[in-house]
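Visitor: I would like to learn how to read a structure of this kind. Please show it to me.

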Amino acid sequence: MSIRAPRKGENYELSVDLNSEYRDKRKDAIKRVIASMTVGKDVSGLFPDVLKNMQTEDLEQKKLVYLYLMNYAKTQPELVILAVNTFVKDSEDPNPLVRALAIRTMGCLRAEKIIDYLCDPLQRALRDDNPYVRKTAALCVAKLYDLKPELVIENGFLDQLRDMISDSNPMVVANTVAALTDIHISATTNQPADSTSDPAIFSITSVILNKLLIALNECSEWGRVAILNALARYDAQDDKESEHICERVVPQFQHVNGSVVLAAMKVIMIHIRKVRREELVKQLIRKMAPPLVTLLSSPPEVQWVALRNINLLLQKRSDLLSNEMRVFFCKYNDPLYVKIEKLDIMVRLASDSNVDALLSELKEYASEVDVDFVRKSIKAIGQTAISIESAAERCVNVLLELINTRVSYVVQEAVVVMKDIFRKYPSTYEGVIPTLCANLEELDEPEAKTSLIWIIGEYADKIDNADELLGIFVDSFTEESYQVQLQTLTAVVKLFLKKPDSSQGVVQRVLNTATKDCDSPDVRDRAYIYWRLLSTDPGAAKAVVLAHRPPISIPRTTVSPALLEELLGEISSLASVYHKPAQTFVGHGRVGADSVQRKGSEISDAQKALQTVAAGQQAENLLDFGDDSAQDGQPSGLAATQILPSTPAAANFLSGTSANPLDDLVSIFGGMETTGMSAGSPSAALSPTLASLSSPFEGFGGSPALPSQPAQNVQPQEDLLGLF
């Protein structure tokens with residue numbers, strides 16, 4: 001039972017007023033209780049006093065008391081029983097608003113003790129003469145199913161819901177569909193979706209389809225969303241039925257609510273797959289453009305959701321908004337997240353006919369004050385150049401104009417973009433290289449430096465002072481970031497392979513620095529590889545370092561085709577906004593991304609135990625440098641766990657039928673000396689590894705040693721670096 005409030009303080013005053021003989025005073029006290037509850041104060045001690053005010057003719061007061069009950073029903077489940085009689089009485093009230101309020105509140109209480117009392121009032125409400133009560137009762141069935149599914153099935157509520165799809169009132173139909181869909185989702189999460197044995201499964205037939213299409217145009221906006229989501233689940237029998245659904249759904253494009261518009265888009269994108277008439281497909285695509293454009297006049301948050309969905313639609317239907325480029329031009333007061341989405345869509349819509357307008361707009365954006373937006377704009381110019389070959393020269397000219405502004409971050413991003421253009425069109429725009437090299441001192445970001453170094457290395461034979469330019473980076477080699485060091489190393493080797501006479505000094509300097517003074521293992525390893533290649537086989541070095549690289553391209557979609565089809569079926573949901581399947585960010589009441597990533601890689605606890613014991617035994621034997629010869633085909637250590645299940649003891653241990661798991665573990669590893677552990681002594685296993693590790697670095701006081709071969713085969717002229 002609750003603890004009574006002390007005889008002083010705010011709660012005591014409220015308690016006195018709640019028990020006042022004056023109706024107005026009691027109502028005012030209830031309002032103050034609700035206000036305190038809303039701001040987070042604990043007023044649960046007033047539960048009995050508030051409960052006394054339930055039986056009243058004042059509808060406003062009744063709503064307030066019901067609101068209090070819903071909030072504190074979980075903390076005071078014993079006292080909620082006292083309210084049951086009033087609920088049952090209210091469910092038979094002449095006023096339909098009171099009847100619906102009683103049913104709604106009983107469904108929201110979520111207290112186990114009153115669920116059984118809810119069934120009879122709910123049965124009456126589902127057959128009520130007033131459609132408002134019926135539509136409220138339909139949603140209450142879904143709430144009851146969430147609490148106690150077997151109770152819903154035993155009382156026949158599901159059958160009543162299915163009958164209510166034929167209701168004359170469209171709002172009742174919409175709420176019924178919403179309730180059946182929720183129950184269907186709840187049922188299918190606990191069993192395979194293709195199972196039809198569960199009575200809670202909501203299968204849409206052609207008869208139900210026609211009833212839904214009739215109710216679609218007459219219910220409220222949220223009712224329309226529920227019906228459209230149900231239509232998206234329907235599997236059309238043939239192309240005629242798909243055409244019929246599309247024609248009946250198209251009028252929803254004109255609705256003022258963006259959620260209805262996107263839900264209609266989803267239905268069209270799903271059912272258009274089966275439409276065979278090309279002219280109808282083109283007509284439907286043409287009708288989808290205006291409502292999408294209209295969504296862009298919404299508030300920024302709605303705009304962003306619309307833009308994310310438009311991005312997804314364009315990946316499937318690139319011609320959807322081909323003539324609407326200008327509506328995606330950024331406004332001065334757009335938030336950054338909206339501007340970035342618009343940039344992405346503009347690049348997707350770019351074509352020969354509108355590329356001039358696009359470049360002019362992007363050039364304007366590059367002079368904005370927002371650095372992130374400027375960078376994205378310059379990157380968009382590069383993407384346009386890569387995707388439209390005929391416009392590449394115009395894009396390069398715009399980039400040169402931006403480089404001439406000498407604004408640091410603009411120059412650096414332009415250099416990065418130019419590197420991508422060189423990769424797409426090799427040996428085409430070499431005339432801009434002097435301009436890029438002239439801005440060397442402007443670069444202070446690793447990505448910009450690596451881009452310019454790559455360009456110098458790639459075109460070293462055409463740049464007269466390439467060795468001087470790369471020498472600048474070699475001088476500061478140890479101070480640069482790892483990615484700059486790696487790119488400098490590769491570029492210098494390219495320079496040496498193209499101009500061996502003039503660059504021996506710089507290549508020897510960079511290899512010495514990289515192998516001796518650099519603390520990055522990646523950089524050291526690459527330097528060793530290059531050194532060995534250059535000192536043994538220059539032809540192989542050229543084949544590796546100067547290999548032909550295919551030109552880059554921009555993928556048309558950002559997700560796989562299968563995932564794209566799945567996401568198109570989730571338009572107007574979070575999945576289509578994140579561009580990720582729902583299971584990656586929503587689990588059963590928790591975030592499920594980790595469980596999705598772990599799927600397929602989990603191993604049993606018993607297998608983990610076997611691996612732990614095997615690893616321990618292997619670790620103990622690492623110091624045993626015996627000379628026993630290895631037996632072929634017998635693994636040891638962790639590898640032995642792959643064959644352990646073949647022993648009877650391990651089979652019992654893994655299956656969980658072991659009488660004494662500890663004895664089984666001992667028996668599993670007790671015979672390892674005769675099977676796995678004696679199979680190859682650690683010294684036999686380690687000696688080749690040590691030999692292979694030492695051979696690449698042999699003689700590395702100054703340089704890598706050559707592979708074992710007759711000394712007379714090495715001619716003086718083959719020693720390119722003059723190191724031997």
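The dialogue below takes up a helix pair, a core and a loop residue.

Guide: This is a predicted model, where local features need pLDDT of at least 70, side-chain atom pairs count only at pLDDT 80 or more, and totals for chains, interfaces and linings use all residues. Residues are numbered from 1 along each chain as its sequence is written, and side-chain values use heavy atoms, with hydrogens and water left out.

Visitor: At what angle do the axes of helix H26 and helix H27 cross?

Guide: Axes are lines fitted to C-alpha atoms, for helices over the stretch in contact, and angles run from 0 to 180 degrees between N-to-C directions. Helices are DSSP runs (H or I, at least four residues), numbered from the N terminus. Here H26 (residues 466-475) and H27 (residues 482-498) have axes that come within 10 Å and cross at roughly 155°. That makes the two helices roughly antiparallel, a term for angles over 145 degrees.

Visitor: Which residues of H26 and H27 make the contact?

Guide: Contact means heavy atoms within 4.5 Å. H26 contributes Ala466, Asp467, Leu470, Phe473 and Val474, and H27 contributes Thr488, Ala491, Val492 and Leu495.

Visitor: Which residues have the most contacts inside the largest nonpolar core?

Guide: A nonpolar core is a set of buried Ala, Val, Leu, Ile, Met, Phe, Trp, Tyr and Cys residues joined through side-chain atoms within 4.5 Å. Buried means under 20% relative accessible area, exposed over 50%, partly exposed in between (1.4 Å probe, protein chains only). The largest core has 210 residues, and Tyr68, Leu69, Leu231 and Phe422 have the most contacts inside it. Helix H16 (residues 258-271) supplies the largest share, 10 residues.

Visitor: Where is Ser351?

Guide: Ser351 lies in the loop between helix H19 (336-349) and helix H20 (355-365). Its relative accessibility is 25%, so Ser351 counts as partly exposed.

Methods:
Parallel < 35°, antiparallel > 145°, perpendicular 65-115°, else oblique.
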